[in-house]
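Please open the model in your viewer and keep the selection panel handy. We will stop at one residue, then move on to an interface.

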Amino acid sequence: MFGYVVRRLLAAIPIALGVSMVCFALVYLAPGDPVQTLLPPDADAETVERLKRLYGLDRPLPIQYLEWLWRVMQGDFGKSIATGRPVLDEILRSLGNTVLLATLSVLIAFSVAFILGTIAGRRTGTWLDRIVTGIAVLGVSIPNYWLGIVLVIIFSVELMVLPASGMAGDTFDPTSWEHIQHVVLPVFTLSMIPVGIIARTTRSAVAEVMNQEFVVTLRANGLPEWRVLRHALKNALPPVLAVMGLQFGTLMGGSILVETVFSWPGSGFMLSKAILNRDVPVLQGTILVLAMIFVTVNLTVDLFQSSLDPRIRRG
Amino acid sequence: MSTTIPGAATAEGSLPTQRGYWGTVGYRLRYDPVTLFFAALLLLIILSAIFAPLLAPFDPYQESIIRRLKPPGFRGHMLGTDELGRDVLSRLLHGGRITLLMGMVPVLVATLIGGGLGLVAGFAGGVVNAVIMRVMDVFYAFPSVLLAVAISGAMGGGVGNGMIALTLVFIPPLCRVAETATTQVRNLDFVDAARATGAPLRLVLWHHVLGNVLGPVLIYASSLTSVSVILASGLSFLGLGVKPPEPDWGLMLNALRQAIYVSPLVCAMPGIAILLTSISMNMLSDGLRSAMDVRS
């Protein structure tokens, strides 16, 4: 196992470097001179020249990349054009709020979807199974930014029971009723896709386990059905947990639309503001951090999964 | 490929008949009312987008200060009017053209590029495989929404840039599916036999490999169309895709969002269009998957 962990960690290094190269290249995808994107549009020629030398933009690309990488590894992501504050500070301030949304959404999605998927997987082909499969398809088909708007219309505009946007404070306080109210709609909206995906995975995992010989043996031994199910679910759990972990990573990087709908002060909302302001340093830094989190989560899930079941180790 | 799959025809209790693979697929689809229903719905959506200029009751660009945000049914505006007094139904019909185009073209292009790269990687193996697949791993390391937003955001938005971004998002997963399928087929006896008889590489790839790789790749690509439409509308929703005053479902949703307190029902319309499209695409893809007997 130890050797495997080391191998997987080493294999993640080139991927992380590749990700950093893509993020570095983002600045060069922008139309026009990269310096222009680092400066407000009304900057004069002298400032442009000074900044070019300051950032070493007159040097060859590979050198620029290495220098940029060196700065990034020391936590220097540059400064936001919009606010003038260091990009890293901005990211750290908003990241926690996105972690909160993603964690709650995945936990809720898992609890709902695992039950739904188990119901469906135990009796495939029944009308219950069809309903669950329908819910799963709906979950992945709904554009969640639209669902968010619809929920706001229902619960904020018509019923006036929940706030439409924002967070009520800078940091989340689980003892405050107001804070909890603000979390409800974004979390529900964000959990739709994971519900669909986890329910689907659970359904096929449970259906597969229920067909295995040990289940037949347990039943033949006269074990009550709920205890048979307990044994079966234990075996169906690992792939479902893996999918749940991957969904957490996806939500961390994919909450941009939902956060924008709810003006939730997370990294996704910051990213969408950065795009509107053409704030390239924030764009670059946020994407790099979110992608690195995604890589780390995926790696963790892989290691966790292969420690549970050595058969699925990758080469 | 021409063997009848056992069990396909026994559903009606008769002996398996000689139908061929595609015959069996068609046979199964004919007895799948759910898939047929959603296929018809999708066809309807696509046709109404194509014939939008003929179907739309109003000019989608015609603004009117006195007719802003009117409810559905107001003076012939079946689905009401938007924040600039334009007819929502006409804009939805016209908007479908660019939304569907922006959603489907990237999947198509990515299928060609990603599928081709996967085929090459899987068949060549060795260094070629390693180079292609490691590059794909890097793009795989981004959540799809993030990568689409990052690329189109950095490139400054617009329909073209959005489509490039979405294409880049879909190439790696399609490449992976094609590579896996190709690697599985490559080592089978009938491929070795074909090569041993001196068949040129081109023919082996075309006849023996592609036929077995195409199924999984096409099914996977069809499942991506719904993601693609949602993402394309999402980019426009963020202001990264279609630019106003062009009608587009995502853009309409974003513009109408400001009006949820005045005209909530009309605000929900563009999203319903996206939802109906993506649900039809998902159901059709699922139906094709089971009809073509491709394991996910």
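A polar contact here is a pair of N or O atoms within 3.5 Å; within protein, one must be able to donate a hydrogen and the other to accept it, and residues adjacent in sequence count only if both atoms are side-chain atoms. This is a predicted model, where local features need pLDDT of at least 70, side-chain atom pairs count only at pLDDT 80 or more, and totals for chains, interfaces and linings use all residues. Residues are numbered from 1 along each chain as its sequence is written, chains are lettered from A in the order in which they are written, and side-chain values use heavy atoms, without hydrogens and water.

**Select A:T98.** A polar atom of its side chain lies 2.7 Å from the backbone nitrogen of A:S267. A:T98 is buried, with a relative accessible area of 1% (buried means under 20%, with a 1.4 Å probe and protein chains only). Now show what A:T98 touches (heavy atoms within 4.5 Å): among them are A:M252, A:E259 and A:W264, not counting residues up to four places away in sequence.

**Select chains A and B together.** Here 38 residues of chain B are in contact with 44 residues of chain A. In chain B, B:L146, B:A154 and B:L238 lose the most area to chain A, together 16% of what that side buries (buried area is the accessible area, 1.4 Å probe, that two parts lose on being put together, summed over both).

**Select A:R200 and B:D286.** Their side chains meet in a salt bridge, 2.6 Å from N to O (a side-chain nitrogen of Lys or Arg within 4 Å of a carboxyl oxygen of Asp or Glu). The rule finds 1 salt bridge across this interface.

Conventions: Buried means under 20% relative accessible area, exposed over 50%, partly exposed in between (1.4 Å probe, protein chains only).
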